[in-house]
Amino acid sequence: MPFSSLENNRERSYLDGQLLIAMPGMADGNFSRSVVYVCAHSQAGAMGFIINRPQSLTFADVLLHLDMIDRADAIMLPEHARDFPIQSGGPVEVGRGFVLHTDDYLSDSSIPVSDDISLTATLDIVRAISDGRGPRRATMLLGYAGWGPGQLEHEIANNGWLNCPATEDIIFDRALEGKYERALALMGVTPAMLSADAGHA
(Lines give C-alpha, C1' and ligand atoms only; values in the text may rest on other atoms or scores of the structure.)
Protein backbone atom coordinates (compact mmCIF):
# COMPACT_ATOMS: atom_id res chain seq x y z
CA MET A 1 0.00 0.00 0.00
CA PRO A 2 1.49 3.40 -0.94
CA PHE A 3 1.50 6.15 1.70
CA SER A 4 -1.00 8.15 -0.37
CA SER A 5 -3.54 5.39 0.24
CA LEU A 6 -3.15 5.88 3.98
CA GLU A 7 -3.87 9.58 3.60
CA ASN A 8 -7.04 8.82 1.61
CA ASN A 9 -8.33 5.81 3.53
CA ARG A 10 -8.96 6.12 7.25
CA GLU A 11 -11.27 3.19 7.88
CA ARG A 12 -9.78 1.21 10.74
CA SER A 13 -9.18 -2.52 10.48
CA TYR A 14 -8.26 -5.19 13.02
CA LEU A 15 -4.53 -4.84 12.24
CA ASP A 16 -4.39 -1.04 12.58
CA GLY A 17 -2.33 -0.14 15.63
CA GLN A 18 -1.04 -3.71 15.98
CA LEU A 19 2.51 -4.98 16.13
CA LEU A 20 3.78 -7.52 13.63
CA ILE A 21 6.64 -9.62 14.99
CA ALA A 22 8.66 -11.53 12.41
CA MET A 23 8.80 -15.30 12.83
CA PRO A 24 12.19 -17.05 12.52
CA GLY A 25 11.23 -18.40 9.09
CA MET A 26 10.67 -14.93 7.62
CA ALA A 27 11.93 -15.27 4.04
CA ASP A 28 12.39 -11.53 3.35
CA GLY A 29 15.73 -10.39 4.78
CA ASN A 30 14.38 -6.84 5.09
CA PHE A 31 12.19 -8.06 7.92
CA SER A 32 14.38 -10.56 9.77
CA ARG A 33 13.80 -10.15 13.56
CA SER A 34 11.75 -7.04 12.85
CA VAL A 35 8.96 -5.48 14.87
CA VAL A 36 6.53 -3.54 12.67
CA TYR A 37 3.89 -1.07 13.82
CA VAL A 38 0.91 -1.27 11.44
CA CYS A 39 -0.56 2.12 10.55
CA ALA A 40 -3.11 1.05 7.97
CA HIS A 41 -4.64 -2.19 6.78
CA SER A 42 -7.47 -2.50 4.29
CA GLN A 43 -8.48 -4.33 1.11
CA ALA A 44 -6.00 -2.03 -0.67
CA GLY A 45 -3.08 -3.49 1.31
CA ALA A 46 -1.16 -2.51 4.44
CA MET A 47 1.42 0.04 5.53
CA GLY A 48 3.57 0.26 8.64
CA PHE A 49 6.99 0.98 10.09
CA ILE A 50 9.80 -1.21 11.37
CA ILE A 51 10.43 0.15 14.88
CA ASN A 52 13.61 -1.72 15.83
CA ARG A 53 16.05 -0.76 13.06
CA PRO A 54 18.74 1.85 13.81
CA GLN A 55 19.57 4.63 11.37
CA SER A 56 23.00 6.28 11.24
CA LEU A 57 21.59 9.75 10.52
CA THR A 58 20.97 12.20 13.36
CA PHE A 59 18.18 14.74 13.69
CA ALA A 60 20.75 17.46 12.95
CA ASP A 61 21.63 15.65 9.70
CA VAL A 62 17.94 15.72 8.74
CA LEU A 63 17.62 19.43 9.53
CA LEU A 64 20.74 20.18 7.48
CA HIS A 65 19.47 18.10 4.55
CA LEU A 66 16.17 20.01 4.63
CA ASP A 67 18.03 23.36 4.79
CA MET A 68 16.23 24.15 8.03
CA ILE A 69 19.46 25.05 9.87
CA ASP A 70 23.01 26.07 8.96
CA ARG A 71 25.89 23.76 9.82
CA ALA A 72 27.11 26.30 12.37
CA ASP A 73 23.73 26.07 14.13
CA ALA A 74 23.75 22.28 14.32
CA ILE A 75 25.96 22.24 17.42
CA MET A 76 23.58 24.72 19.08
CA LEU A 77 20.55 22.45 18.91
CA PRO A 78 18.96 21.79 22.31
CA GLU A 79 19.55 18.36 23.82
CA HIS A 80 16.04 17.06 23.05
CA ALA A 81 16.62 17.76 19.34
CA ARG A 82 20.19 16.43 19.25
CA ASP A 83 19.02 13.16 20.83
CA PHE A 84 15.79 12.82 18.82
CA PRO A 85 15.64 9.24 17.49
CA ILE A 86 15.86 8.46 13.78
CA GLN A 87 15.14 4.92 12.60
CA SER A 88 14.94 2.95 9.36
CA GLY A 89 11.21 2.44 8.91
CA GLY A 90 11.25 0.07 5.95
CA PRO A 91 12.42 -0.55 2.39
CA VAL A 92 9.87 1.69 0.60
CA GLU A 93 10.62 5.40 -0.08
CA VAL A 94 13.71 5.33 2.14
CA GLY A 95 14.43 8.99 1.39
CA ARG A 96 11.14 10.11 2.90
CA GLY A 97 10.71 10.89 6.59
CA PHE A 98 7.69 10.14 8.76
CA VAL A 99 7.13 11.02 12.42
CA LEU A 100 5.16 8.59 14.55
CA HIS A 101 4.02 10.37 17.71
CA THR A 102 1.62 10.67 20.62
CA ASP A 103 -1.58 12.57 19.90
CA ASP A 104 -0.71 15.61 22.04
CA TYR A 105 0.62 17.13 18.81
CA LEU A 106 -1.74 17.44 15.85
CA SER A 107 -1.51 19.46 12.65
CA ASP A 108 -3.79 19.59 9.63
CA SER A 109 -1.64 16.89 8.03
CA SER A 110 -1.54 14.53 11.03
CA ILE A 111 -3.24 11.16 10.48
CA PRO A 112 -4.67 9.35 13.52
CA VAL A 113 -3.47 5.74 13.56
CA SER A 114 -5.03 4.64 16.85
CA ASP A 115 -6.80 6.38 19.71
CA ASP A 116 -3.52 7.81 21.02
CA ILE A 117 -0.94 7.51 18.20
CA SER A 118 -0.72 9.70 15.09
CA LEU A 119 1.49 9.99 12.02
CA THR A 120 2.73 13.23 10.50
CA ALA A 121 4.89 13.42 7.38
CA THR A 122 5.27 17.18 6.86
CA LEU A 123 7.91 19.73 7.84
CA ASP A 124 5.73 21.42 10.48
CA ILE A 125 6.36 18.65 12.99
CA VAL A 126 10.11 18.70 12.28
CA ARG A 127 10.14 22.43 13.07
CA ALA A 128 8.04 21.86 16.19
CA ILE A 129 10.43 19.19 17.46
CA SER A 130 13.50 21.36 16.84
CA ASP A 131 11.80 24.28 18.65
CA GLY A 132 10.71 22.18 21.62
CA ARG A 133 7.01 22.34 20.65
CA GLY A 134 6.78 18.73 19.50
CA PRO A 135 4.82 15.79 20.90
CA ARG A 136 5.55 14.17 24.26
CA ARG A 137 6.89 11.02 22.61
CA ALA A 138 7.90 10.58 18.98
CA THR A 139 10.32 8.94 16.59
CA MET A 140 11.27 9.73 13.00
CA LEU A 141 11.35 6.89 10.51
CA LEU A 142 12.97 6.98 7.08
CA GLY A 143 11.05 4.77 4.67
CA TYR A 144 8.15 2.44 5.41
CA ALA A 145 6.95 -1.11 4.89
CA GLY A 146 4.15 -1.70 2.40
CA TRP A 147 2.09 -4.71 1.32
CA GLY A 148 -0.22 -5.13 -1.66
CA PRO A 149 -3.84 -6.37 -1.47
CA GLY A 150 -4.01 -9.62 0.49
CA GLN A 151 -0.22 -9.90 0.77
CA LEU A 152 0.06 -9.36 4.53
CA GLU A 153 -2.84 -11.71 5.27
CA HIS A 154 -1.09 -14.36 3.17
CA GLU A 155 2.19 -13.86 5.07
CA ILE A 156 0.42 -14.12 8.45
CA ALA A 157 -1.41 -17.29 7.33
CA ASN A 158 1.96 -18.78 6.32
CA ASN A 159 3.51 -18.16 9.74
CA GLY A 160 5.52 -15.14 8.62
CA TRP A 161 4.27 -12.94 11.44
CA LEU A 162 2.77 -12.95 14.90
CA ASN A 163 0.58 -9.98 15.75
CA CYS A 164 -0.52 -8.37 19.00
CA PRO A 165 -1.74 -4.98 20.25
CA ALA A 166 0.99 -2.33 20.39
CA THR A 167 1.96 -0.42 23.50
CA GLU A 168 3.29 3.11 23.57
CA ASP A 169 6.36 1.94 25.47
CA ILE A 170 7.31 -0.56 22.76
CA ILE A 171 6.68 1.91 19.92
CA PHE A 172 8.79 4.70 21.41
CA ASP A 173 11.35 2.66 23.36
CA ARG A 174 14.74 4.02 22.26
CA ALA A 175 16.59 0.85 23.25
CA LEU A 176 16.29 -0.87 19.87
CA GLU A 177 18.47 -3.82 20.79
CA GLY A 178 16.25 -6.32 22.54
CA LYS A 179 13.00 -4.73 21.34
CA TYR A 180 12.23 -7.90 19.37
CA GLU A 181 12.35 -9.95 22.57
CA ARG A 182 10.35 -7.34 24.51
CA ALA A 183 7.65 -7.33 21.81
CA LEU A 184 7.42 -11.13 21.97
CA ALA A 185 7.15 -10.89 25.76
CA LEU A 186 3.91 -8.89 25.32
CA MET A 187 2.46 -12.18 24.06
CA GLY A 188 4.14 -14.31 26.71
CA VAL A 189 6.47 -15.75 24.06
CA THR A 190 10.26 -16.14 24.02
CA PRO A 191 12.37 -16.60 20.86
CA ALA A 192 13.20 -20.14 21.98
CA MET A 193 9.50 -21.04 21.79
CA LEU A 194 9.34 -20.15 18.09
CA SER A 195 10.29 -22.26 15.12
CA ALA A 196 10.12 -21.58 11.42
CA ASP A 197 7.24 -24.02 10.96
CA ALA A 198 5.36 -23.49 14.25
CA GLY A 199 1.65 -22.78 14.34
CA HIS A 200 0.24 -19.49 15.55
CA ALA A 201 0.79 -18.60 19.18
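Visitor: By class, what does the lining of the largest pocket consist of?
Guide: Please keep in mind that this is a predicted model. The pocket in question has a volume of about 310 Å³, and among the 19 residues that line it, the closest to its centre are Val 62, Leu 66, Gly 95, Arg 96 and Gly 97. Sorted by class, the lining comes to twelve nonpolar, five polar and two charged residues.

Visitor: Which element gives the most to the lining of the largest pocket?
Guide: The elements that give two or more residues to that lining are α2 (59–65), β5 (92–102), α5 (123–130) and β8 (138–147). Of these, the one that gives the most, with six residues, is β5.

Visitor: What covers the buried residues of α5?
Guide: The residues of α5 that count as buried are Ile 125, Val 126, Ala 128, Ile 129 and Ser 130, and the helix is followed by Gly 132, which has a positive phi near 80°. The cover over those buried residues includes α2, α4 (79–82), β5, β7 (117–120) and β8.

Visitor: Which residues touch the most other members of the largest nonpolar core?
Guide: In soluble globular proteins, nonpolar side chains tend to be buried together. The largest such core here has 26 residues, and apart from it lies another core of 19 residues, among them Val 62, Leu 63, Ala 81 and Phe 84. Within the largest core, the residues that touch the most other members are Leu 19, Tyr 37, Phe 49 and Leu 100.

Visitor: With which residues is Tyr 37 in contact, leaving aside its neighbours within four places in sequence?
Guide: Tyr 37 is one of the residues that touch the most other members of the largest nonpolar core. Once the neighbours within four places in sequence are left aside, its contacts are Gly 17, Gln 18, Leu 19, Gly 48, Phe 49, Ile 51, Leu 100, Val 113, Ser 114, Ile 117, Ala 166 and Ile 171.

Visitor: Are Cys 39 and Cys 164 buried or exposed, and how many disulfides are there?
Guide: Cys 39 has a relative accessibility of 0% and therefore counts as buried. Cys 164 has a relative accessible area of 6%, so this residue is buried as well. A disulfide would need a pair of cysteine sulfur atoms within 2.5 Å, and by this rule the count of disulfides is zero.

Visitor: Is Arg 33 buried or partly exposed?
Guide: Most residues other than glycine have a negative phi. Arg 33, however, has a positive phi near 55°, and its place is in the loop between β1 (18–22) and β2 (35–42). Because its relative accessible area is 41%, Arg 33 counts as partly exposed.

Visitor: What separates the C-alpha atoms of Asn 159 and Pro 24?
Guide: Asn 159 lies in the loop between α6 (151–157) and β9 (161–165), where it has a positive phi of about 60° although it is not a glycine. Its relative accessible area is 17%, so Asn 159 is buried. Although Asn 159 and Pro 24 are 135 residues apart along the chain, the separation of their C-alpha atoms is 9.2 Å.

Visitor: Across the protein chain, what share of contacts between residues at least 6 apart in sequence join residues at least 24 apart?
Guide: The secondary structure of the chain comes to eight helices and nine strands, and of its 201 residues, 47% count as buried. Among contacts between residues at least 6 apart in sequence, the share that join residues at least 24 apart is 69%.

Note on methods. Residues are numbered from 1 along each chain as its sequence is written. This is a predicted model: local features need pLDDT of at least 70, side-chain atom pairs count only at pLDDT 80 or more; totals for chains, interfaces and linings use all residues. Side-chain values use heavy atoms; hydrogens and water are left out. On a 1 Å grid over the protein atoms alone, a cavity is a set of points where a 1.4 Å probe fits but cannot get out, and a pocket is an open set with protein on both sides within 12 Å along at least five of seven lines; lining residues have an atom within 4 Å of a point. Grid points are joined across faces, edges and corners, and a volume is the space filled by probe spheres set on the points. Helices (H or I, at least four residues) and strands (E, at least two) are DSSP runs, numbered from the N terminus. Ala, Val, Leu, Ile, Met, Phe, Trp, Tyr, Cys and Pro count as nonpolar, Asp, Glu, Lys and Arg as charged, and the others, Gly among them, as polar. Buried means under 20% relative accessible area, exposed over 50%, partly exposed in between (1.4 Å probe, protein chains only). Contact means heavy atoms within 4.5 Å. A nonpolar core is a set of buried Ala, Val, Leu, Ile, Met, Phe, Trp, Tyr and Cys residues joined through side-chain atoms within 4.5 Å.
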